[in-house]
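Student: Before we start, I would like each term tied to its cut-off. Can we go through the structure that way?

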Amino acid sequence: MAMMAMKIRNSASRRTTTTMASRQISSGLRSMSSWWKNVEPAPKDPILGVTEAFLADPSPDKVNVGVGAYRDDNGKPVVLECVREAERRIAGASFMEYLPMGGSVEMVEETLKLAYGKNSEFIKDKRIAAVQSLSGTGACRLFADFQKRFRPDSQIYIPVPTWSNHHNIWRDAQVPQKTYHYYHPETKGLDFSGLMDDVKNAPEGSFFLLHACAHNPTGVDPTEEQWREISQLFKAKKHFAFFDMAYQGFASGDPRKDAKSIRIFLEDGHHIGISQSYAKNMGLYGQRVGCLSVLCEDEKQAVTVKSQLQQLARPMYSNPPLHGAQIVSIILGDPQLKNQWLQEVKIMADRIIGMRTTLRESLEKLGSPLSWEHVTKQIGMFCYSGLTPEQVDRLTSEYHIYMTRNGRISMAGVTTGNVEYLANAIHEVTKSS
């Protein structure tokens, strides 16, 4: 009997121990499952969310003029012929090793020529610290982190409006932001006086983000004379200009002409920073090929700055990707292929310019009471239409036309097949204004 009682007690003890262990495990699992309970869904990206909504729409009449990617007149993505040839040349290559932290030396050298000039004294004197980046976004982020690390008390002045991701980039780099006037809603043009006042009133030695050409989202650029006035005021105030040049070639069809703002600042003796990208002007969207450059006092300083840019890149992504850099190097390093690229860039820019004219003429033929002159005055991939968020919502709900709610139209999405439909829909939602 005693032995049996002991067995019963031992069995009960084991059950109690097992139950307690189970409770501890359950409690631990509940504790672990609560690690992310405070995470809320991220807001949708205002641009990428447009594409998601467009793809989900079953309507055969749907039109997407929201995405900032070039399309041909059939609304199809384009692979440039010069890119196809570069791909053919790469096909037999066996090199798959890491690039240096600074990226492809050949690609960076050719990229600097596009921005600073083929015969630039700064390139010859090796005064430019430059690294390959993950397209324009990566270049901006690298510079923002560089600014935070070495000018920790500085802030960045960003135009109103700008590409929405600019705010995200400098925010996540923990650089305080201020804004400056840029777009004038009433004239649908440049608020030059407001811009100049803000530049003048900013503390001496401030950092400013400037769009080198084809301003995103407005398509409004300063004239050459206005750029010269801006440069002179920057010089007087000792401001630092950081140029984001995502659309070189898309403004006029001539990459050299589209770099005029940068050349003006260089002529005036500024030390500037530049973000460059090949997403748009070579159609290398998915390859993420770009370059960050900073003009320095001399070669020694350039070496030092480049070492720090590489140090910043190391924990982010270690090394930039190889394939896209090879494509760019081959195209820009071969005079014949480069000439072909320049011709193809002009074809893309000319198609966009032609669609601007057709859209404006279509709206005017419909008897629109509004002025659409700004459609052809603005330049580059985007048209800042002046449509209100409510009008954009009507375009989507009633006509299955998709664009960002700020009224930005990607002119690359406008084709001879949809331009009249687009014009008619815009006319219908604006004729009571």
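Tutor: What follows is a set of questions on cavities and helix contacts.

Tutor: This is a predicted model, in which local features need pLDDT of at least 70, side-chain atom pairs count only at pLDDT 80 or more, and totals for chains, interfaces and linings use all residues. Residues are numbered from 1 along each chain as its sequence is written, and side-chain values use heavy atoms, with hydrogens and water left out.

Student: What makes a space a cavity, and how many cavities of 30 Å³ or more are there?

Tutor: On a 1 Å grid over the protein atoms alone, a cavity is a set of points where a 1.4 Å probe fits but cannot get out. Grid points are joined across faces, edges and corners, and the volume is the space filled by probe spheres set on the points. By this rule there are 2 cavities of 30 Å³ or more.

Student: Which residues line the largest cavity?

Tutor: Lining residues have an atom within 4 Å of a point. For the largest cavity they are P159, Y180, Y182, L195, L210, H211, H215, P222, W227 and I230. Strand 7 (207-211) and helix 9 (224-237) each give two or more residues to this lining; helices (H or I, at least four residues) and strands (E, at least two) are DSSP runs, numbered from the N terminus.

Student: Why is helix 9 called oblique to helix 11?

Tutor: The axes of helix 9 and helix 11 (residues 260-267) come within 9 Å and cross at roughly 40°. Axes are lines fitted to C-alpha atoms, for helices over the stretch in contact, and angles run from 0 to 180 degrees between N-to-C directions. Angles under 35 degrees count as roughly parallel, over 145 as roughly antiparallel, 65 to 115 as roughly perpendicular and the rest as oblique. Therefore helix 9 is oblique to helix 11.

Student: Why is helix 8 called roughly parallel to helix 9?

Tutor: The axes of helix 8 (residues 192-201) and helix 9 come within 10 Å and cross at roughly 15°. That angle makes helix 8 roughly parallel to helix 9.

Student: Which residues make the contact between helix 8 and helix 9?

Tutor: Contact means heavy atoms within 4.5 Å. Helix 8 contributes F192, L195, M196, V199 and K200, and helix 9 contributes Q226, E229, I230, L233, F234 and K237.

Note on methods:
On a 1 Å grid over the protein atoms alone, a cavity is a set of points where a 1.4 Å probe fits but cannot get out, and a pocket is an open set with protein on both sides within 12 Å along at least five of seven lines; lining residues have an atom within 4 Å of a point.
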